[in-house]
Amino acid sequence: VSISFTTSALTLQVYMFLVKWNDLTEKLVYRRFTEIYEFHKALKEMFPIESGDINAENRIIPHLPAPKWFDGQRSTQSRQGTLAEYCYALVNLPHKISRCLHVVNFFKVRPDDMSPVTDSQIKKPEVFLLPKDAKKNASDITGPIILQTYRAIADYEKSSKSEMALKAGDMVDIVEKSESGWWFCQLKNKRGWVPAAYLEPMDGPDESEEQEPNYAGERYVVQKSYTAVEEDELTLTEGDTIEVIHKLLDGWWVVRKDESTGYYPSMYLQRSGEANTPEKSELRNRSIPPRRSTIRNAKSIHKQSRKQISQETYRRNSRKYIQSRRNMKANLQNKANIISEKNEQEENKSKAQPAVPPRPSKDLIMNRCTESTRRKIM
């Protein structure tokens, strides 16, 4: 397989690749930086010798670049080229690496690629393009994108290679905020996933980022079972259909099942009607992030935060909403019944037969009818 690339930074997290295959077809695919990062780490694990894990001198797998558009507010000292250069180096590796299924599958067209990022989602000051001959004319992408900076409110010990350990007070740049409650961060030359519950913004409480409760609810399907540990959590089984009524940043959403409400890990849920993907399945194998309410730090600069809503309030408002919805349905049904009755009455009127006049008396017939008619009654 022969692949050539044109790369573009479309948004803060999404990059476009123009992939040319050996049958001369050209396909556009869109990949988040976090996907590229996970792909790179997996590739190194598949080829430990070629990645230099055993002997640094044997490394031929390129380093994942740390280009300027991920520098955030603090510039780093080292430059390792552009993302395009990484891709060109990758496809020129020996065939056992460059043509392995891991590489080929990464650049195959996915269903999500058929619905690319729209113009309204592109942040114009953050659009950068690389020419196809970027390998010949190597140039850095300019104008660092300003990432949000957050502070770690407590120490965090990572539990997997894809995560990043933090010390209280560390300032990290946020590359991607996932609804799962895991955020992809960078700290100097380190990158990895960190629970959102351990982070607070530098410029004020993050209440504005958190949505208000939606008691109408969005239908989701449980993709993985979970047994409640705390009293305010719900125990659900794979395949259950529920309604999400409050999406919280730490990845623990408030959901409604019949008359019950409670917290449930968002990474185990999937919007009703959405297709499952390998990426979503892989996400569910990651550990559940801690809830924000479990992280305690008296030194946190943000004393104020959203007033926590009790489950009783969620249930009470849910009941009110459901009752109002039932009343609305009942009113609509009554109106429909009244209209139906009126239509039925009108229809019956239109179908009514003319009244049969009474039979004339014998005297009337004898006085007014013809001789032939009079004979019939005699």
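Leaving aside neighbours within four places in sequence, which residues is Ile60 in contact with? In this predicted model, the answer is Glu50, Leu93, Pro94 and Ile97. The chain has 378 residues, of which 40% count as buried, and its secondary structure comprises 8 helices and 14 strands.

**Overall architecture**

- The largest nonpolar core contains 68 residues. Within this core, the residues with the most contacts are Phe17, Leu43, Val172, Leu199 and Leu269.
- Leu269, one of these core residues, touches Tyr220, Val221, Val222, Gln223, Ile242, Val244, Trp253, Val255, Tyr264 and Arg284, when residues up to four places away in sequence are not counted.

- Strand S6 (residues 171-177) runs antiparallel to S7 and is joined to it by 4 bridges. Lys177 stands opposite Trp183 of S7.
- The hairpin of S6 and S7 has 4 residues between the strands, and Gly181 takes a positive phi near 95° there.
- Strand S8 (residues 190-195) also runs antiparallel to S7, with 6 bridges joining the two. Pro195 in S8 is the bridge partner of Trp182.
- The hairpin of S7 and S8 has 2 residues between the strands, and Lys188 in the turn has a positive phi of about 55°.

**Phe184 within S7**

- Phe184 lies in strand S7 and counts as buried because its relative accessibility is 0%.
- Beyond residues up to four places away in sequence, Phe184 touches Phe33, Thr34, Tyr37, Asp173, Ile174, Val175, Glu176, Arg191, Gly192 and Trp193.
- Phe184 and Pro195 are 11 residues apart in sequence, with their C-alpha atoms 8.8 Å apart in space.

**Arg256 and Ser318**

- Arg256 is found in strand S12 (residues 252-257), and Ser318 is found in helix H6 (residues 311-351).
- Is Arg256 buried or exposed? Arg256 is buried, because its relative accessible area of 3% is under the 20% cut-off.
- Ser318 is buried as well, with a relative accessible area of 2%.
- The side chains of Arg256 and Ser318 are joined by a polar contact of 3.0 Å.
- The side chain of Arg256 also reaches the backbone oxygen of Tyr215, at 3.0 Å.
- A polar atom of the Ser318 side chain lies 2.8 Å from the backbone oxygen of Tyr314.
- Leaving aside neighbours within four places in sequence, Arg256 is in contact with Tyr215, Ala216, Gly217, Ile242, Glu243, Ile245, Thr261, Ser318 and Ile322.
- On the corresponding basis, Ser318 touches Tyr215, Ile245, Arg256 and Thr261.

**Ile60 and its loop**

- Ile60 is placed in the loop between helix H1 (33-46) and helix H2 (83-91).
- Ile60 counts as partly exposed because its relative accessible area is 39%, which falls between the limits of 20% and 50%.
- Glu50, one of the contacts of Ile60, is 10 residues from Ile60 in sequence and 5.3 Å from it in space, C-alpha to C-alpha.

**Cysteines**

- How many disulfides does a search of the whole structure find? The search finds 0 disulfides.
- A disulfide is a covalent bond between the sulfur atoms of two cysteines.
- Cys100 is buried, with a relative accessible area of 12%.

Note on methods
Residues numbered from 1 in each chain as written. Predicted model: local features only at pLDDT ≥ 70, side-chain atom pairs only at ≥ 80, totals over all residues. Heavy atoms only, no water. Buried < 20%, exposed > 50% of the residue type's maximum accessible area, 1.4 Å probe, protein only. Core = buried A, V, L, I, M, F, W, Y, C linked by side-chain atoms within 4.5 Å. Contact = heavy atoms within 4.5 Å. Polar contact = N/O pair within 3.5 Å; in protein donor to acceptor, adjacent residues only side chain to side chain. Disulfide = S-S within 2.5 Å. Pairing = 2+ DSSP bridges.
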